[in-house]
Amino acid sequence: MVVAFDSCETRPAGIDAILSGLDRYNPETTTVFQDYIVQQCEDRTFDCYANLALLKLYQFNPHLLQPEIATNILVKALTVFPSPAFSLCLSLLPAYTQPFPSESESQSAQTSDFVESVQKLAHLSSLLESAQYAQFWSTLNSDDLYADLVADVAGFEELVRIRIAVEVGKAFREINADILEQWLDLRNREALEKFVIEVCSWEVENSANGTVIRVPTNKENEARSEVKSERVDFDMFGRVIRRGFEQAA
Amino acid sequence: MSYDERVNAHPNLGDESDVEEEALVNDYREQVNFEDGMSELDRTTSLGGASQTQDLQAQLAAAATPLEYQATLETKFASYDNYCSLFHYILNSDGPVDLEVPSYYWAWDVIDEFIYQFESFCRYRNRVARSGSNEEEAQLLRENPNTWGCYSVLNVLYSLIQKSQINEQLAAMKRGEDPLAFAGEYGSRPLYKMLGYFSIIGLLRVHCLLGDFSLALKTLDDIEMNKKAMFARVMAAHFTTYYYVGFSYMMMRRYGDAIRMFSHILVYVSRTKNFQKGGNSYDAIAKKNDQMYALIAICVALHPTRLDDTIHSALREKYGEQLNRLQRGGPDALPLFEELFRSACPKFINPTPPDFDNPPINVDPVDHHTAIFMDEVKNTLYNPTIRSYLKLYTTMDLKKLAGFLEVEPEKLRSWLLINKQRSRQIRWVENGLLGGETVSANDLDYALEKDLIHVSETKAGRRLVDWYLRNLARVY
């Protein structure tokens with residue numbers, strides 16, 4: 001299936017028109033894009049290409065930058081990992097945000113709230129992108145600032161949980177409930193079972209050695225050996241055939 | 001089979017496009033000769049022009065000429081004014097203007113130099129603000145915040161594109177219709193058409209310099225990336241296009257597509273280099289050439305793949321030892337990734353005036369983008385280790401493997417997940433450069449059943465067509 005980065009099923013026609021015209025640079029459209037990201041936060045959709053356009057407006061007109069909106073875009077980008085969405089958003093933020101500060105930088109630089117938020121979110125992104133899910137949840141729950149940052153995004157935890165489940169489903173056929181519990185931050189066995197059965201349609205198997213979650217076979221987790229055979233096109237013989245004709249003539 | 005063996009097993013991978021390649025080489029040779037003919041022609045035509053046209057001629061020539069390396073700020077301001085008045089004249093006169101351009105390459109040179117000056121101005125301004133040492137220059141820059149402003153630069157490029165209706169023309173060509181029917185009053189003239197066309201390439205570059213990689217690729221929607229494209233007629237344009245497209249792909253983590261772009265142009269350069277020697281753009285091309293090899297080395301390390309034979313041997317020659325270190329991965333490779341990235345990335349810019357009163361806040365945009373890229377490198381640093389071990393087994397206990405690697409089982413689970421995720425990539429199929437489909441980019445796959453890793457390998461079947469064709473050619 002071909003997916004295009006610049007298209008989004010849930011994007012309204014009005015936004016699409018702005019994006020494909022020169023109005024995407026018009027500072028007056030900033031509010032339109034801002035309303036759009038607020039809407040994305042509420043109805044759990046995500047339109048990376050449109051959000052990048054807003055960040056670009058901020059890049060060109062730094063005085064328009066609204067820190068809460070910018071961090072909301074980053075939080076939304078977290079919910080689609082693994083993907084380059086988060087780093088593409090970071091690329092358009094001002095360089096002084098230093099999302100991944102070295103030790104000397106984090107000590108010396110005078111930081112604003114905005115810079116601190118960006119750095120905190122970048123850290124969360126690294127944890128998700130490097131599949132350290134248990135640490136992700138403990139970091140997220142360690143500081144009230146995180147709770148504030150993700151507060152505007154409806155169902156943030158649920159969205160991340162589903163993404164993690166999708167990634168687990170691609171790699172595992174069976175997984176111990178104890179591990180999945182930590183990865184999904186569902187500490188209560190009942191809640192975990194409810195989630196895997198109702199949301200993921202997986203199976204739970206209780207045995208003497210503990211509970212195992214069974215993931216039905218899908219295209220990604222079957223890991224079948226196969227022999228790729230050569231593709232033969234007629235065009236490949238073009239030269240030989242032409243030669244045949246040339247010599248005959 | 002090791003990576004090397006796989007590469008060497010198919011020495012004539014590039015052969016299919018030989019005919020096309022040959023045609024291009026000839027085409028390029030013609031161009032080089034053609035240029036001489038053109039300059040001859042120029043000398044005979046523009047006689048008897050009024051003094052006003054001579055001024056204009058001087059302006060046209062200046063617009064395509066690089067500034068001196070040590071140009072003062074005043075010169076840079078003046079050069080900006082020169083561009084403004086020139087583009088104003090071209091875009092806002094009554095109807096299209098009739099210009100004798102100094103050379104065939106003029107349109108490309110103007111756009112190229114225009115963007116280069118924008119880039120170096122922004123970088124210079126940021127440097128002045130960061131160092132905070134030259135108060136006089138800082139004051140001058142503070143007073144002229146709109147000189148080389150991003151809005152005016154984009155305005156020029158977009159206006160040239162719209163005036164020439166070049167996107168409509170290109171879309172018509174794609175459909176197989178006559179572009180002239182869509183060209184309009186301006187776009188039917190070569191001057192506007194060429195300026196419009198190269199402005200698209202210019203936009204690709206500007207967006208990339210600003211860190212907007214998806215929009216960079218989006219601007220090329222109407223251009224088909226093949227050897228018949230118009231940019232292929234001007235070597236520097238051809239080269240620039242592939243560099244920025246490849247780089248944008250790389251930053252979108254589409255390493256397979258990036259490698260395809262870099263390989264394409266590097267093969268082309270290696271086949272035409274004999275005609276370029278002595279040309280004035282030769283040095284610039286040689287430098288970019290090395291940069292692209294560095295980028296290919298990075299991409300191949302992050303995404304092992306079979307390279308074209310020419311590219312592979314050149315890469316071994318230039319970066320042999322470094323490539324080995326990159327491909328081995330692990331923390332030792334980190335500084336090398338960073339070094340190569342810095343040496344080969346575009347000179348990123350911050351488009352708005354910096355904060356002159358607060359020097360440390362003006363971080364170099366190159367540092368910014370390097371840090372973002374390096375985060376992804378760090379996250380995937382153990383993929384080569386995982387791959388090299390799993391290749392040896394069909395089933396393996398996770399705890400046992402963790403013991404071999406001397407890491408916690410939990411850590412190993414993360415590495416396995418990451419390697420699995422990164423081996424799925426979006427690859428371009430057709431139409432717009434941003435589109436593509438997800439493919440498995442690795443011949444090694446696995447799945448976990450609790451702590452038991454089942455490994456499977458996709459093997460390439462025997463390739464008989466090559467062998468058959470080669471022997472057929474010999475006998476026949």
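Two strands count as paired here if DSSP finds at least two bridges between them. Keep that in mind as you walk through this predicted model.

**Stop 1**

Select strand S1 (2–4) of chain A, then strands S2 (424–427) and S3 (435–440) of chain B. Together they form an open sheet of three strands in the order S1(A)-S3(B)-S2(B), with antiparallel pairing. S1(A) and S2(B) stand at the edges and have a single partner strand each, so one side of each is left without a neighbour in the sheet. Look along the sheet and you will find a twist that averages 40 degrees from one strand to the next.

Now zoom in on S2(B) and S3(B), which run antiparallel and are joined by four bridges. Which residue of S3(B) is the bridge partner of Arg427(B)? Pick Glu437(B), and you have the pair.

**Stop 2**

Next, select strand S5 (226–228) of chain A along with strand S5 (452–460) of chain B. These two run parallel, with three bridges between them. To see one bridge up close, show Lys228(A) and its partner in S5(B), Ala460(B).

**Stop 3: the side of chain B that touches chain A**

Widen the view to the contacts between the chains: 60 residues of chain B meet 55 residues of chain A. Among the elements of chain B that supply at least two residues each to this side are helices H7 (150–163), H11 (213–218), H20 (409–422) and H21 (465–475), as well as strand S4 (444–449).

**Stop 4: two annotated stretches of chain B**

An unreviewed UniProt entry places the feature "transmembrane region" at residues 195–217 and 229–252 of chain B. Select 195–217 of chain B: the stretch is 87% helix and 0% strand, and its end C-alpha atoms are 19 Å apart. Over 229–252 of chain B, you will see 71% helix and 0% strand, with the end C-alpha atoms 24 Å apart.

**Stop 5: chain A as a whole**

Of the 249 residues in chain A, 38% count as buried.

Definitions and conventions. Residues numbered from 1 in each chain as written. Chains lettered and ligands numbered in written order. Predicted model: local features only at pLDDT ≥ 70, side-chain atom pairs only at ≥ 80, totals over all residues. Axes fitted to C-alpha atoms, helices over the stretch in contact; angles between N-to-C directions. UniProt positions renumbered as here; feature names shortened; annotations may be inferred. Contact = placed C-beta atoms within 7 Å. Buried ≥ 20, exposed ≤ 12 C-beta atoms within 10 Å, placed from the backbone.
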